Structures are given as structure tokens and as C-alpha cells.
2 protein chains.
Amino acid sequence: MNNNRIIELLEEQPRQYVSGEALSRELQISRTAIWKQIKKLESQGFEIEASRRLGYRLMSKPSQLTLPVLLKKLEGTALVRSIKLLDTVDSTQNVAQRLAEEGAPEGTLIIADHQTSGRGRHGRSWVSPAGKGVWMSLVLRPGIPLQFAPQLTLLAAVALCRALKSVTSLEIGIKWPNDLLIGGKKISGILLESTAEDERLRYVIAGIGVSVNLERGDYPPELLDVATSLLIESGGQIERSDVVAAFIREFEHLYALYQQEGFGPIRTLWEALSVTLHKLTRLYSPAGEFEGTPIGLDERGALLVKKSDGSIVPVFSAEMSAPKAGG
Amino acid sequence: MNNNRIIELLEEQPRQYVSGEALSRELQISRTAIWKQIKKLESQGFEIEASRRLGYRLMSKPSQLTLPVLLKKLEGTALVRSIKLLDTVDSTQNVAQRLAEEGAPEGTLIIADHQTSGRGRHGRSWVSPAGKGVWMSLVLRPGIPLQFAPQLTLLAAVALCRALKSVTSLEIGIKWPNDLLIGGKKISGILLESTAEDERLRYVIAGIGVSVNLERGDYPPELLDVATSLLIESGGQIERSDVVAAFIREFEHLYALYQQEGFGPIRTLWEALSVTLHKLTRLYSPAGEFEGTPIGLDERGALLVKKSDGSIVPVFSAEMSAPKAGG
């Protein structure tokens, strides 16, 4: 609290010194306490210049994701056991996969400032310019059978949806299985890559991409109708470390719930956040193309779709689009 | 047919010449036709020495796996689209996985004469000396959802069991999920490694290891109580290419059946070949250790186990052993 107030006061006079005495008077705390708060801000990634004679001045805010800031914001969580912050990578999924193959434990988190070939679903590429998004991959080793792996995809969507809502207060919904949409436009991508031996899941790499501070100019024009960012939607810069921390907190909570109580509670949360249910849609599945109305999830995580003849079919994998006119 | 008769005649006089005239008389075909048959045998891996003056003599039979022999034996099958025969590899799984990542299509088959670090279930190593076994990996790209992948493990066990029974006439049974046993000893290993993106299976590498012509001296002494080979059990050398071809034929048949009719028929076949069912056993699952009697598979491929209190639980993943005394 004091912390935020100090930043506000320093920001009122960019690159100008504010005396320790002035800060002390304003916050009604001792100059030693001010000094302690300044140290804390520095550990969070704020660059503050201190002069015994002139006071303090703010040189830069933590626009870069930094380890001290992240660790601070993850205090009290237990899931993440190590964080690797990288500048530029091909894809955080590739880095995490290599580490997982080498035995990296659950909770190994890879975050990159920039991806040169970020991977989306179905081998699609993903726009991930430097410094404007959260591109991260988390190694998981859940002790669950392979059959249940798709439930984790739905769990990750719920966790990210709740995280982004808490950070921005925007209206965000889940399109089956794991796209997050604001007003019909995509705000993030989730990709869970699973590796199994027979019926045993070896590891899962949860890849999360969030378009945080991308501006309209960052997108190819043809994507502006289907993609957006938290900045575009909320009108303000969002701290990327807040997005990372909020996701990890939500995920940790839901993952523990899932391990204890199974898929039931996740299913309920997913259904509540979904924008897919109760709307006629067209599905392209390996078994063929058909129209129907998704009405919920089954206990395996399959989407239950009611067809026009009244029958209800479980859909494990499909692409969706608007129904054909008159269809 | 003529072909087999020629080999028989040559084998009657090992390393001795049989004149073209004698063969021609015996088979009632021209000497040119004999020459053509000899060429065909050579293409199948038989080493035959020809002398214009003395005739033909058989130097060696195709104990090496050769591509012409394999292709001949796979005639009429459609699943295998390319075969890579390798001398020594770390593990055929690794080779197949690399190729699959590079886009190798379904039906890419990797066979090695020798593996330096063959992989078994649970990261165990696998004894795979040169020239004495079938060590192979098959790339599959089944259009099925991830949830169903464990069914392929059971399908592979049925295919291999049927193949080995047809080649040897030995009594072979399946221990859940996919170990093949002769008199309680392990004869082969199956390892299906699956890779998925969200709910979509990208590819499956079916790894098959069969101890074909291993002798007792090929095993570390501590393994002789738990492992055996087709040679030890049947008393005779088995052509490795027959094992490969028989497996591919059975697998192709069952895989097509599975794609058309689902898991039902596979489940029935698996249950009929199982040596696991209806015997009290001890299970070590991620959820804990318990005793029960496996009574069948459910429609997902989970093992149904009846506990002493009469309840029936589905087991997705577990290790099994004999029940504790008095347990």
C-alpha cells in the first residue's frame, strides 16, 4: 500500500528527485521506513536512483519481467519450483519439453520475453512479439492415467480465465475446449502437450500465451477481427508479472482440487465460464461434420452435443464454427 | 512353391553343389526357369553360389533380416509404407520418434538388428542382443482422441499374441496390460509412446520387442526365472522376418477393425487371451495398494477389479504381483 503510494508520488515528477523528507511527510512514516519501502520496490524491478542530498527518483518501471518481481508475486505458492526467464526462444514449449525429457520436475516454469516461432493449436503459429505478452510453459507430472489428460486442458482454461478476469475485470469466456475470448475475439492460447508410455502419462507441458500489451499495430490486419489483447480491451497497460502470478495461483488451486476431488468441480467451473454452451454450432470432427447444440461436459471431459434429432453425442475432438445459414 | 522345393533340394546336400540339370529334372521346369527361381531366392536373402560347371550350392539362409525378404512376406498388406532396417541403434523408439516429429507418415517402420539401450516400460532397459530378436517401432497416426490411446496398447498386445501363436504354436497369454507370457515368463515387450496436443493425439510410436532366438546364455542369470525366448520355449530357430510379418498382418487387421467398430471386438479378443483375469492379484496403483480379482476390461480399456467387499473398481494404471500370503 505504502509501496504503491511511493510510486505514485515519484511518478508525479518523472525523472525528478523527490526528497525523502517529502515522502516521509506524505506517508506519515519515518525516513528509515521510506528507505525500506524503496529497497522493496527495487527488488520488484523498479529502478530508483537514491541521492543522500536530493532524495529519490524513478528511472524505470518493471516493464521487463524480472525474477525478483515474479518470486515476490508468487510468494505463498508451492507449485512452481524453478523459473527460467529467457529473452528470445523459438518456443517455450520446446525448451520445457527438452527439460522434461532430461527429468525436470513438476513446477518447472519457462517464460520468454519473445518467441520466434510460438506454437498454437493444430500446428498454427502464434503472434508473440517481444515484451508484450506472457509466453510461458509449465512442466507438469500429474499422477493421473493418460485417459484423463484432456481434463487438464479444460482445467488450464478455467485457471487462465479466472486469472485474467481477476487482473483486468474484463468479461472473458471459454470457447471449447480452451480458447479464451473477449467479445468473440481471441485473447490467449492454451496448448497442453502430453507424452505417455502406454497408459501412464509421463509429463504434460502446459503452454500459455496471453496477448497482454499488444497494440492493434502488432497484429497482421487480417487477425484484427479475430484477435485482441488485454491492452486493447481494457485501455491500459497490464503488468505481465501479474498475469503470470494470477495464473499460477489459480492453476495451483484448481490442480490441487482436481487431484483431491477429481474432474467434478472443474467441470462445473468450466461450464459456468463457457461461451460455447446452449448455442447452435457447426462441428468438424474426425468422424464428420454436423450441427448441434453443446449442452455441457461429460465426466471424461468430452463435450456433450445435442443434435437436431434429440440425440446427445460426446465429442472428444472437433473444430467449431457458426452454423450454416438455414442449417 | 518351386522356390521352397529348390531350397529343400539344396539343403539336402549342405554346401555341396546340385547341378542345374538335376534341379530341372526334379522340378520339371527348364534350366532357365531354375535360374530365375535362384535369382528370386537370392533377392529373398538366400546366399547361393552358382557355377556354370557344378550347379548351385546353398551357402546361407536369410538369418539376417533383409528388406527383400520382409517386403515379400508383407505382400498384400497396406499399413507399412516405409521400412528402415538398421544395424545398431540406441533404441528404435528414439529413431521413430525423431522421424515422427519430422512428419513421417503412419506406417513408417523402424527395425534394428541390435539396440544398445532398448527401452521397456517404466524406463526399464531391455535385453536386445544383435540378430536374435525383433526390435521394431511403428509410427501410427490414428485419428482417435487422446482418451482412447490406451486402447491401442491393448490392441497391440492382442496383435502380437496372435502373431507369435501363429508363428510358433506356443501357448502365449497376455498379462495386463500388454506383457506376453509363456508359462509365466516374459517373451516380449510392448511400449506405446503417445504424444498429444490438448485432446488430439499427434502420433503414437508402437514399440515391439520380441525375444526370438535368444539362448539362455544371452540373459543375465537373474532374469532366467522371469524371461524366456521363442527359441528356448519351442526348441527351434524362428525366422525373425516371420515374426515381423505376422505382427504387421495381425496389427493391420485389428487396427482396421478398431477404426471401424471401436474397442468392442478388441476387448473381447484381449479378454480371451488374458492370463490376468479371474485370479486374485495385488495391485500397486497411484491411488494405493490393494488386492482384488480382475474380471475384465471396461469400454475405456480400464481393468475392472473386484475387491473382497464385492465392489468393482476400474484400474487405469498399476503394477501387479501375486497376492500376499493369507491376503
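## Two copies, one rotation

Copies are superposed by least squares on the C-alpha atoms of residues with pLDDT of at least 70 in both. The model is predicted. Superposing chain A on chain B takes a rotation of 179°, with 0.0 Å of shift along the axis. The RMSD is 0.7 Å. The two copies are thus related as by a two-fold rotation axis.

The interface fits this picture. Of the interface residues of chain A, 100% are also interface residues in chain B, so the copies meet through the same surface.

## Domains of chain A

Chain A is assigned three stretches: domain 1 (2–60), domain 2 (67–273) and domain 3 (281–321). Between domain 1 of chain A and domain 3 of chain A, the C-alpha centres are 57 Å apart.

Thr195(B) sits in strand β10 of chain B, which covers residues 185–197. Its relative accessibility is 3%, under the 20% cut-off, so Thr195(B) counts as buried.

What does Thr195(B) touch, leaving aside residues up to four places away in sequence? In chain A, the contact is Ser194(A). In chain B, Thr195(B) touches Gln97(B), Arg200(B), Leu201(B), Arg202(B) and Tyr203(B).

## A recorded binding site in chain A

An unreviewed UniProt entry lists Gln115(A), Arg119(A), Gly120(A), Arg121(A) and Lys186(A) under "binding site".

Gly120(A), one of the residues in that record, lies in a loop of chain A. The loop runs between β5 (118–119) and β6 (125–126). Is Gly120(A) buried or exposed? Gly120(A) is buried, because its relative accessible area of 9% falls under 20%.

Notes:
Residues numbered from 1 in each chain as written. Chains lettered and ligands numbered in written order. Predicted model: local features only at pLDDT ≥ 70, side-chain atom pairs only at ≥ 80, totals over all residues. Heavy atoms only, no water. Contact = heavy atoms within 4.5 Å. Domains from an automatic or database assignment. Helix = DSSP H or I, 4+ residues; strand = E, 2+ residues; numbered from the N terminus. Buried < 20%, exposed > 50% of the residue type's maximum accessible area, 1.4 Å probe, protein only. UniProt positions renumbered as here; feature names shortened; annotations may be inferred.
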